[in-house]
Amino acid sequence: MSFTIHGIGVSGGIAIGRAHLLTHTQLEVQHYDIAEGELAQETARFDKAIQAVRNELAALSDHIPDNAPPEFEGFLNLHLMILNDNTLSEVPKEVITTQRCNAEWALTQQAEELLTQFDRIEDEYLRERKTDVMQVVERVLKALTGQPRAIPAPLHPEEDSILVAHDLSPADVILFKQHHFASFVTDLGGATSHTAILARSLNIPSIVALHHARHLIREGELLIVDGSTGVIIVSPDTNVLSEFRLRQEQWQLEREKLKRLKTTRAATLDGTRIELHANIELPEDVVQAKENAAAGIGLFRSEFLFLNRDLLPTEDEQFESYRRVAVEMDGLPVTVRTLDLGADKPLNGAQRYSPNPALGLRAIRLCLAEPQMFHHQLRAILRASHYGKIRILVPMLSTVQELNQTLHLIKEAKRSLDQNDIAYDREIQVGGMIEIPAAALALGSFVRRLDFLSIGTNDLIQYTLAIDRTDDAVAHLYDPLHPAVLYLVASIIKGAQKAGKPVAVCGEMAGEVKLTRVLLGFGLRQFSMHPAHLLTVKQQVLRSDLQEVTHLAGRMLKTEEPEKLQGLLERMNA
Ligand code: PEP
Ligand code: MG
């Protein structure tokens with residue numbers, strides 16, 4: 001029977017393929033029978049893996065890196081405790097014997113049971129330890145299979161498969177870069193969650209916030225994913241299928257046509273120059289940025305270099321990554337955002353308990369709490385600045401004290417490079433992300449101390465409207481057209497212009513083509529977005545009459561009525 005499921009489309013286009021289901025995200029393993037005579041050998045294999053992980057954790061404890069957060073040791077001990085608990089180290093052996101199954105399967109059965117029990121725990125701290133259990137289980141699986149974590153292979157070719165998951169972390173999505181799925185869809189997540197942002201970077205149709213898709217869809221079922229409308233059609237009939245195949249072709253044709261704009265200068269009808277920059281997560285994303293003629297990198301989310309690994313990248317490794325981007329961009333600006341770890345991008349092996357991660361020790365707050373780690377990153381960025389036009393961007397500023405402390409640490413990093421006679425750009429610019437309403441409302445004190453601003457609308461909306469970006473239950477409340485959001489964005493742009501400082505928008509709003517004219521009308525001249533959106537936004541810029549959009553945007557700021565705002569937006573985009 002055919003039916004539809006509705007969610008939030010986060011990356012446009014149409015994908016048609018077979019469903020490939022993921023259970024507890026990473027805990028996907030093979031299931032096979034073990035012969036009676038080989039059971040003892042299988043339990044011994046399990047024991048060996050447990051012992052290997054014990055040794056691994058002990059070795060990590062003995063060699064804690066200088067720049068590891070202080071909690072690191074505590075987490076290792078916690079993981080050791082979880083590992084040594086009978087539930088994970090003994091019961092799976094009973095499962096192997098009674099069910100005559102392989103060790104990986106026995107372990108994940110046991111883990112699934114344990115994780116379900118965690119869901120019922122009332123104490124939030126204990127409930128949150130679920131992630132630690134998963135990490136320990138993953139370590140044991142790795143020891144059993146000798147393989148790093150991987151997305152399991154689907155029955156059909158990847159290109160014809162649509163991954164259906166309950167949830168995917170940003171770290172999981174990064175793993176996707178090695179795969180070629182036609183699309184992915186998840187039950188959880190909001191339109192500006194990092195998982196959704198990464199979905200855009202994969203440039204495949206994707207949907208989040210489907211709530212129950214993982215339960216409603218069966219392995220191998222035929223799916224149509226319409227990433228623009230956020231709709232999945234399960235088991236479509238032949239008429240619907242051919243209709244969507246046609247739409248898919250049209251979509252691809254449009255994209256081909258857009259490529260012609262690559263060499264066109266981005267300017268409005270009256271010739272006003274607009275700078276269109278790209279957001280990237282990993283150095284290799286530069287290729288896509290260049291393919292779409294980005295005028296620079298407006299946001300390099302450097303924290304992605306820190307995900308999917310047990311130990312922090314060294315200063316040299318970071319330096320190489322930043323240098324590579326700087327060199328490849330060949331003199332165009334590269335804005336490296338300092339680490340925005342925490343919240344939905346926790347450091348492996350060093351997660352802290354936070355009752356409310358989005359409001360917790362995240363981004364610059366975490367960096368200031370970990371000066372050693374921050375010092376290494378700052379040195380790496382500064383060293384790379386010798387090879388191109390690098391700028392430093394500080395995320396999540398909420399107080400001037402944080403900014404002063406950061407500026408002081410940048411000076412310290414420069415001093416240490418001077419002492420080692422290492423070259424760096426002495427004129428390197430330091431900018432701040434304005435993404436917390438407090439900073440937007442007290443802009444003067446920030447803008448005075450900074451060289452440029454970048455508006456992080458994803459967080460600005462999250463914190464202004466009090467909606468967790470990652471929570472699918474409130475995803476429908478995400479509204480860039482909320483009068484409070486429009487007011488803040490417009491006033492930040494105005495504030496920066498008054499102070500004579502450049503300002504960009506680097507949140508998802510910058511890549512939403514229906515909002516391009518609103519931002520132009522507010523006076524924005526620099527946009528930074530995922531490379532896949534650059535040419536669509538350029539096309540809109542080329543067709544925009546600045547005088548008209550400025551007039552209509554001004555009227556938008558004078559109304560608080562949602563219908564009137566919607567009407568003005570439609571007029572603007574007519
Ligand atoms: C933002 O908040 O708008 C932003 C660009 O940063 P991130 O999405 O990485 O939090
Ligand atoms: Mg942000």
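At what angle do α19 and helix α20 (residues 483-498) pack? They pack at about 135°, with their axes 10 Å apart. Axes here are lines fitted to C-alpha atoms, for helices over the stretch in contact, and angles run from 0 to 180 degrees between N-to-C directions. Helices (H or I, at least four residues) and strands (E, at least two) are DSSP runs, numbered from the N terminus.

A quick word on the ground rules: this is a predicted model, where local features need pLDDT of at least 70 and side-chain atom pairs count only at pLDDT 80 or more, while totals for chains, interfaces and linings use all residues. Residues are numbered from 1 along each chain as its sequence is written, chains are lettered from A and ligands numbered from 1 in the order in which they are written, and side-chain values use heavy atoms, with hydrogens and water left out.

Angles under 35 degrees count as roughly parallel, over 145 as roughly antiparallel, 65 to 115 as roughly perpendicular and the rest as oblique.

| Helix pair | Angle | Axes apart |
|---|---|---|
| α19 and α20 | about 135° | 10 Å |
| α23 and α24 | about 175° | 10 Å |

So α19 and α20 are oblique to each other. In α19, T457, L460, I461, T464 and L465 meet A484, V485, L488, V489 and I492 of α20 (contact means heavy atoms within 4.5 Å). That contact has eight nonpolar, two polar and no charged residues. For these classes, Ala, Val, Leu, Ile, Met, Phe, Trp, Tyr, Cys and Pro count as nonpolar, Asp, Glu, Lys and Arg as charged, and the others, Gly among them, as polar.

Helix α23 (residues 546-556) and helix α24 (residues 562-573) are roughly antiparallel to each other. V549, L552, A553, R555 and M556 in α23 touch L565, L568, L569, R571 and M572 in α24. Eight of these residues are nonpolar, none polar and two charged.

E435 sits in the loop between β13 (429-434) and α17 (437-441) and D459 in helix α19 (residues 457-465), so the pair ties together parts 24 residues apart in sequence. Both E435 and D459 are buried (under 20% relative accessible area, with exposed over 50% and partly exposed in between; 1.4 Å probe, protein chains only).
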